[in-house]
Amino acid sequence: MKETCLLCLTFVLCCPTNQIGLTVSPSRSQFFRGESVTLKCEDHSSAGWTLRRNTSTGENTNCSEWGELHISSCEISYLSTSDSGVYWCESRGGGASSISVNISVSGGSVILQSPVLPVMEGHDLTLSCQSQTPPSKPSAAFYKDGSLIRTEPTGHMTLQHVSRSDEGLYKCHISAHGESPSSWISVSAERRTREDDVTYSHLTILQQQPIRGSRVLESSSDSEIVYSTVRKTTAPPV
């Protein structure tokens, strides 16, 4: 009975909460005019979702007016510069929203291929400079906040083990082809695991209160079993 109860506690403590996520396909922040993009709200609740955007033409929540609404996604089959803006998902009740993403549609001949979502701290970041007409020499110069980082002969640049100091506006330039628009790249803190969501206070409450259908956790050895089962990794509150 005790083992069954502990498994139940682990399930209750470790399960993630419902949330809404926005996916962009292809997964990048810059596009050439005339390309297509598909946006999808990943809704893990029963509330339903609404895709919102804020562009130079104003805020509009109706995908059918600027794209093609499918069962679970919204497709823009021919991007124009007026589609540049901020996109996000909201629950229909308005109680939850996804992270917002910036999409830039270039009327020029060069774009910077960069992640549309924040990069995890400590991970590598690869940027690519792409021209609509493949250059004979793909060498590209990369800039952050207006300052030259370096020039890469392959047109690709990798920043290793990024940190918050790597956040900023990035762009690239290909000689005789032009410059890309600028894109803001965010770096987020290392994502916590499900085990990290187990707090000391949760464990304290569970140890103090009896569970119907099983005996109360009575001794320090019982506490050790709970700790080893859920692998508490956070510090106790101060």
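Buried, in these legends, means a relative accessible area under 20%. By that cut-off Cys 89 is buried, because its relative accessible area is 0%. The model shown is predicted.

**Figure 1. Overview of the protein chain.** Three helices and 19 strands make up the secondary structure elements of the protein chain. Of its 238 residues, 35% count as buried. The accessible surface comes to about 13600 Å², and carbon and sulfur atoms account for 50% of it. Among contacts between residues at least 6 apart in sequence, 61% join residues at least 24 apart. The structure holds three disulfides, and a search of the whole of it finds seven salt bridges.

**Figure 2. The largest nonpolar core and the surroundings of Val 24.** This core has 19 residues, and those with the most contacts inside it are Val 24, Leu 39, Leu 51 and Tyr 87. Two or more residues each are given to the core by strand 1 (20–25), strand 3 (37–43), strand 4 (49–55), strand 7 (73–76), strand 8 (85–91) and strand 9 (101–106). Another core, of 16 residues, lies apart from this one, and its members include Ala 140, Leu 159, Cys 172 and Val 187. When neighbours within four places in sequence are left aside, Val 24 is in contact with Phe 31, Val 37, Thr 38, Leu 39, Val 101, Ile 103 and Val 116.

**Figure 3. The disulfide of Cys 41 and Cys 89.** The sulfur atoms of Cys 41 and Cys 89 are 1.9 Å apart in this disulfide. The torsion about the S-S bond is about -85 degrees, so the link is left-handed. Distant parts of the chain are linked by the pair, with Cys 41 in strand 3 and Cys 89 in strand 8, 48 residues apart. Cys 41 is buried because its relative accessible area is 4%, and Cys 89 is likewise buried, at 0%.

**Figure 4. The disulfide of Cys 63 and Cys 74.** A distance of 1.9 Å separates the sulfur atoms of Cys 63 and Cys 74, which form a disulfide. With 90 degrees about the S-S bond, this link is right-handed. Cys 63 lies in the loop between strand 5 (58–60) and strand 6 (68–69), whereas Cys 74 is in strand 7, so the pair ties together parts that are eleven residues apart in sequence. Cys 63 counts as buried at 5% relative accessibility, and Cys 74 is buried with a relative accessible area of 0%.

**Figure 5. The disulfide of Cys 129 and Cys 172.** Here the sulfur atoms of Cys 129 and Cys 172 are 2.1 Å apart. The disulfide is right-handed, because the torsion about its S-S bond is about 85 degrees. Cys 129 belongs to strand 12 (residues 125–131) and Cys 172 to strand 16 (residues 168–174), so parts that are 43 residues apart in sequence are tied together. Cys 129 is buried, with a relative accessible area of 10%, and Cys 172 counts as buried at 0% relative accessibility. With bonded cysteines counted along the chain, the disulfides of the protein chain follow the pattern 1-4, 2-3, 5-6.

**Figure 6. Salt bridges between side chains.** Side chains of opposite charge can pair when their charged atoms come close. Glu 35 forms a salt bridge with Arg 28, and the closest N and O atoms are 2.9 Å apart. In this pair Glu 35 counts as partly exposed at 24% relative accessibility, whereas Arg 28 is buried at 12%. Glu 90 and Arg 52 form a further salt bridge, with the closest N and O atoms 2.7 Å apart. Glu 90 in strand 8 and Arg 52 in strand 4 are 38 residues apart, and the pair links distant parts of the chain. Arg 52 counts as partly exposed, at 21% relative accessibility. The side chains of Glu 179 and Lys 171 meet in a salt bridge of 3.3 Å, N to O. Glu 179 is partly exposed at 42% relative accessibility, while Lys 171, at 19%, counts as buried. Salt bridges that share partners join Arg 52, Glu 59 and Glu 90 into one network.

**Figure 7. The loop that holds Gly 146.** Gly 146 is found between strand 13 (140–144) and strand 14 (147–152). The residue is exposed, because its relative accessible area is 57%. From Gly 146 to Gly 168 the C-alpha to C-alpha distance is 9.7 Å, and the two residues are 22 apart in sequence.

Technical notes
Residues numbered from 1 in each chain as written. Predicted model: local features only at pLDDT ≥ 70, side-chain atom pairs only at ≥ 80, totals over all residues. Heavy atoms only, no water. Core = buried A, V, L, I, M, F, W, Y, C linked by side-chain atoms within 4.5 Å. Buried < 20%, exposed > 50% of the residue type's maximum accessible area, 1.4 Å probe, protein only. Helix = DSSP H or I, 4+ residues; strand = E, 2+ residues; numbered from the N terminus. Contact = heavy atoms within 4.5 Å. Areas by Shrake-Rupley, 256 points an atom, 1.4 Å probe, with all protein chains shown as cover. Disulfide = S-S within 2.5 Å. Salt bridge = Lys/Arg side-chain N within 4 Å of Asp/Glu carboxyl O.
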